[in-house]
Amino acid sequence: MSRQILDNWQLYLLLLIPVVLTIIYKYIPMYGIQIAFRDFKASWGYTGSQWVGLY
């Protein structure tokens, strides 16, 4: 199996581009969406603000 990966390394390099873009534009913004579910205080930040959920 590792021989196949080494033979086709260019294809894996091309696959890396959409994976990185997906992480950047889909998963990293999820961290900021937490503000909607917290009693957000800018002075406390994300981790210091109390979680309120859908209340």
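Trainee: How many aromatic pairs does the structure hold?
Mentor: This is a predicted model. Rings of Phe, Tyr and Trp pair if their centres lie within 6.5 Å. By that criterion, the number of aromatic pairs in the structure is one.

Trainee: Is the pair of Phe 37 and Trp 51 stacked, edge-to-face or tilted?
Mentor: The ring centres of Phe 37 and Trp 51 are 5.9 Å apart, and their planes make an angle of 25°. Planes under 30 degrees apart count as stacked. The pair is therefore classed, by the cut-off on the planes, as stacked.

Trainee: How many residues apart are the two members of the pair, Phe 37 and Trp 51?
Mentor: Phe 37 belongs to the loop between helix H3 (29–32) and strand S1 (38–39), while Trp 51 lies in strand S2. The pair thus links distant parts of the chain. The separation in residues is 14.

Trainee: Which residues does Val 52 contact, leaving aside neighbours within four places in sequence?
Mentor: Val 52 sits in the segment after S2 and, at 31% relative accessibility, is partly exposed. The contacts of Val 52 are Phe 37, Arg 38 and Asp 39.

Trainee: Is Ser 49 buried or exposed?
Mentor: Ser 49 is located in the loop between helix H4 (45–48) and strand S2 (50–51). The relative accessible area of Ser 49 is 4%. Since the limit for a buried residue is under 20%, Ser 49 is buried.

Trainee: Which residue has its backbone nitrogen 3.1 Å from a polar atom of the Ser 49 side chain?
Mentor: Leaving aside neighbours within four places in sequence, Ser 49 is in contact with Arg 38, Asp 39, Phe 40, Lys 41 and Trp 44. For one of these residues, the backbone nitrogen lies 3.1 Å from a polar atom of the Ser 49 side chain. That residue is Lys 41.

Trainee: What is the radius of gyration of the protein chain?
Mentor: The chain has four helices and two strands, in the order α-α-α-β-α-β. For 55 residues the globule rule gives 10 Å, and the chain is well over this, so it is more spread out than a compact globule. Along the principal axes, its C-alpha trace spans about 55 × 20 × 20 Å. The radius of gyration is 19 Å.

Trainee: Which element has the lowest mean pLDDT?
Mentor: Over the protein chain the mean pLDDT is 90, and 100% of the residues reach 70 or more. Helix H2 (residues 9–27) has the highest mean among the elements, 95. The lowest mean, 84, belongs to H4.

Conventions:
Residues numbered from 1 in each chain as written. Predicted model: local features only at pLDDT ≥ 70, side-chain atom pairs only at ≥ 80, totals over all residues. Heavy atoms only, no water. Buried < 20%, exposed > 50% of the residue type's maximum accessible area, 1.4 Å probe, protein only. Polar contact = N/O pair within 3.5 Å; in protein donor to acceptor, adjacent residues only side chain to side chain. Contact = heavy atoms within 4.5 Å. pLDDT = per-residue confidence, 0-100. Rg over C-alpha atoms; globule rule 2.2 N^0.38 Å. Phe/Tyr/Trp six-rings, centres within 6.5 Å; stacked < 30°, edge-to-face > 60°.
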